[in-house]
Amino acid sequence: MAQKHTLEELNNCSREELITIVLMMQGQLDALNDNIEKLIEQVRIANNYRFGKHTETLKSIEGQLSFFDEAEAACDESKKEPSAEEVLPAKRTVKKKGQRDLDLNDFPEEILPPYSVSEEQLDAFYGKNNWRRMPDETYKRLRHEPESWTVEIHTVEVYVGTDGDHQDEFLRGNRPRDLLRNSIVTPSLLASILNVKYVNSSALHRIEQEFQRNGVNISRQTMSNWIVKCSQMYFTPFVERMKQELLSLHVTQSDETPTQVIADSDHPNSKCYMWVHRSGEFYTRRPIVVYEYQKGRDHQKPLDFYKDYKGVLVTDSLQQYHLVDKKLPDVTNANCWAHARRDFADAVKAADKRIRRR
């Protein structure tokens, strides 16, 4: 804390001592004003994060600085002047007759028996032979059958040798391989469960209840066993193949997202992480996305994943990725531009409105 001088002490000070005191006070005042300005900027940024829009789009930041002349940058004299039809709102289009037929063309059709009128009814209404048939009216309705179950009965022919070199040896017909040995599950049934569970985000016990309403008793434990076993037998090798393809690309991307897994959490606030590794945006022909669950996010996790990689790894500024860059000479860590521009966006948010208008 700065020393305080009394009035008597200041009156007894020499000219040089007074100048020194004033210079010291000016330095302290400048430092104080600088700290106040930093605190104001932090308050503006905090208020923006709390009350403002959360976006990564440059143009949506209020008071965004213009780095280019917008008129010159957007100018394109080769572009034709728009017509009135392009500028004015389009009128509501009238639905074409027969559009429903076009919408239903791809569905299978079932022709139901016609709703007929007997001759007795016609004669009673019109009189004997006082009527003639007109063209029939035809309309369409769409029927939905939510659950359709079929029991597959497989028959395998079995033969046994009665004489010759293969006497008493059995020969069976070639049967398709089961998804799981001695299991009732078929690929279509497992695909339906996976779709409802992971695509439609429905719990297994709800799938179990839906099956029971259709007279099928498959417990959630059985479905869980099917999912785990098939993931080990079929999905794990497929993911490894995807990883090989991913690591053969010149540019890859990686990020991690916190999640909570009860079985792996020591306390309610502990976090586990889902790492995502994917191909760059220019690999549009066959994009690859690999998810990897880990209990933590120390640098050993990405180090193990990219130990054989040779290329550019695009990430945020997490220190673990920079350690990967240092320990793997063939990996070049490139920071994300979306994260880099955040500091510029914060500078715009923290700037005073009078400065923004300049």
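Colleague: Which residues are exposed on the other side of helix 7?
Modeller: P187, S188 and V199 are exposed there. Bear in mind that this is a predicted model.

Colleague: And which residues of helix 7 are buried?
Modeller: Those are L189, L190, I193 and L194. They sit on the same side of helix 7, because the arc they cover around the axis is only 130 degrees.

Colleague: Why would residues a few places apart point the same way?
Modeller: An α-helix has 3.6 residues a turn, so residues three or four places apart point the same way.

Colleague: What covers the buried residues of helix 7?
Modeller: The cover includes helix 8 and helix 9.

Colleague: How does the span of helix 7 look, with 1.5 Å a residue in mind?
Modeller: It agrees with expectation: the 13 residues, 187-199, should span 18 Å, and the end C-alpha atoms of helix 7 are 17 Å apart.

Colleague: What about the phi of S201?
Modeller: S201 follows helix 7, and its phi is positive, near 55 degrees.

Colleague: OK, on to I218. Where is it found?
Modeller: I218 is in the loop between helix 8 (204-213) and helix 9 (220-247).

Colleague: Is I218 buried or exposed?
Modeller: I218 has a relative accessible area of 11%, so it is buried.

Colleague: What is I218 in contact with, leaving aside neighbours within four places in sequence?
Modeller: L189, E208, F211, M223 and W226.

Colleague: Which side chain meets E208 in a salt bridge?
Modeller: That of R220, at 3.2 Å from N to O. The pair links distant parts of the chain, since R220 is in helix 9 and E208 in helix 8, 12 residues apart.

Colleague: Is E208 buried or exposed?
Modeller: E208 counts as buried, because its relative accessibility is 13%.

Colleague: How many salt bridges does the whole structure have?
Modeller: A search finds 10. Another one joins D178 and R175, whose closest N and O atoms are 2.8 Å apart. R175 is exposed, with a relative accessible area of 51%, while D178 counts as partly exposed at 31%.

Colleague: Which residues are linked in a network of salt bridges?
Modeller: R241, E245 and R286. Within that group, the side chains of R241 and E245 meet at 2.9 Å, N to O.

Colleague: Where do R241 and E245 lie?
Modeller: Both lie in helix 9, 4 residues apart, which is about one turn of the helix. R241 is partly exposed, with a relative accessible area of 47%, and E245 is partly exposed too, with 23%.

Colleague: Changing topic, which residues form a nonpolar patch on the surface?
Modeller: L29, L32, I36 and I40 form one, with about 340 Å² of accessible area together. I40 is found in helix 2, residues 15-51. At 34% relative accessibility, I40 counts as partly exposed.

Colleague: And where is Q320 found?
Modeller: Q320 is in helix 11, which covers residues 319-327. Q320 is buried, with a relative accessible area of 16%. Leaving aside its neighbours within four places in sequence, Q320 is in contact with R297, D298 and H299.

Colleague: Let's zoom out. How many helices and strands are in the chain?
Modeller: There are 13 helices and 7 strands.

Colleague: And what share of the chain is buried?
Modeller: Of the 358 residues, 19% are buried. The accessible surface comes to about 30500 Å², and carbon and sulfur atoms account for 53% of that.

Colleague: Last one: among contacts between residues at least 6 apart in sequence, how many join residues at least 24 apart?
Modeller: That share is 47% for this chain.

Conventions. Residues numbered from 1 in each chain as written. Predicted model: local features only at pLDDT ≥ 70, side-chain atom pairs only at ≥ 80, totals over all residues. Heavy atoms only, no water. Helix = DSSP H or I, 4+ residues; strand = E, 2+ residues; numbered from the N terminus. Buried < 20%, exposed > 50% of the residue type's maximum accessible area, 1.4 Å probe, protein only. Contact = heavy atoms within 4.5 Å. Salt bridge = Lys/Arg side-chain N within 4 Å of Asp/Glu carboxyl O. Expected span 1.5 Å × (residues − 1). Arc of directions from axis to C-beta. Areas by Shrake-Rupley, 256 points an atom, 1.4 Å probe, with all protein chains shown as cover. Patch = residues over 30% accessible without salt bridge, like charges linked within 9 Å, V, L, I, M, F, W, Y side chains within 5 Å.
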